[in-house]
Amino acid sequence: MAAAAADAQTHLTEYYLETSEYIKIATVAQESGFGTVRHFYRLFQKEYNLSPADYRNAVKGMDEKEESK
């Protein structure tokens with residue numbers, strides 16, 4: 001059950017970062033159910049080898065490339 005909850009939390013975090021560029025990272029952490037922003041950053045960095053902000057910027061850059069085609 002814990003693995004399913006963690007997976008759902010990861011997908012929710014990805015969704016917020018990919019679709020809500022104006023929501024603060026701290027709000028994303030809070031809305032995704034993480035206890036602290038620090039904990040969120042640590043786990044996110046470990047999972048993706050990127051900070052949440054870098055992940056968001058990378059996704060945004062990919063979206064802009066798709067739109068320019």
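A residue is called buried when its relative accessible area is under 20%, exposed when that area is over 50%, and partly exposed in between, with a 1.4 Å probe and protein chains only.

**Figure 1. The whole predicted model.** By this cut-off, 25% of the 69 residues of the protein count as buried. This is a predicted model, in which local features need pLDDT of at least 70 and side-chain atom pairs count only at pLDDT 80 or more, while totals for chains, interfaces and linings use all residues. Residues are numbered from 1 along each chain as its sequence is written, and side-chain values use heavy atoms, with hydrogens and water left out. The protein has 4 helices and 0 strands, where helices (H or I, at least four residues) and strands (E, at least two) are DSSP runs numbered from the N terminus.

**Figure 2. The largest nonpolar core.** A nonpolar core is a set of buried Ala, Val, Leu, Ile, Met, Phe, Trp, Tyr and Cys residues joined through side-chain atoms within 4.5 Å. The largest one here has 10 residues, among them Leu 17, Ile 25, Val 28, Phe 44 and Tyr 55. Two or more of its residues come from each of helix H1 (2-19), helix H2 (25-31), helix H3 (37-48) and helix H4 (52-67), and H2 gives the largest share, 3 residues. Leaving aside residues up to four places away in sequence, Leu 17 touches Ile 25, Val 28, Phe 44, Pro 52, Tyr 55 and Arg 56, a contact being heavy atoms within 4.5 Å.

**Figure 3. Ser 32 in the loop between H2 and H3****.** Ser 32 counts as buried because its relative accessibility is 6%. The side chain of Ser 32 reaches the backbone oxygen of Val 28 at 2.7 Å. Not counting residues up to four places away in sequence, Ser 32 also touches Gln 9, Leu 12, Thr 13 and Tyr 16.

Figure 4. The 12 residues of H3 should span 16 Å at 1.5 Å a residue, and the end C-alpha atoms of H3 are 16 Å apart, so the two values agree; the expected span is 1.5 Å times one less than the number of residues. After H3 comes Asn 49, whose phi is positive, near 55°.

Conventions. Polar contact = N/O pair within 3.5 Å; in protein donor to acceptor, adjacent residues only side chain to side chain.
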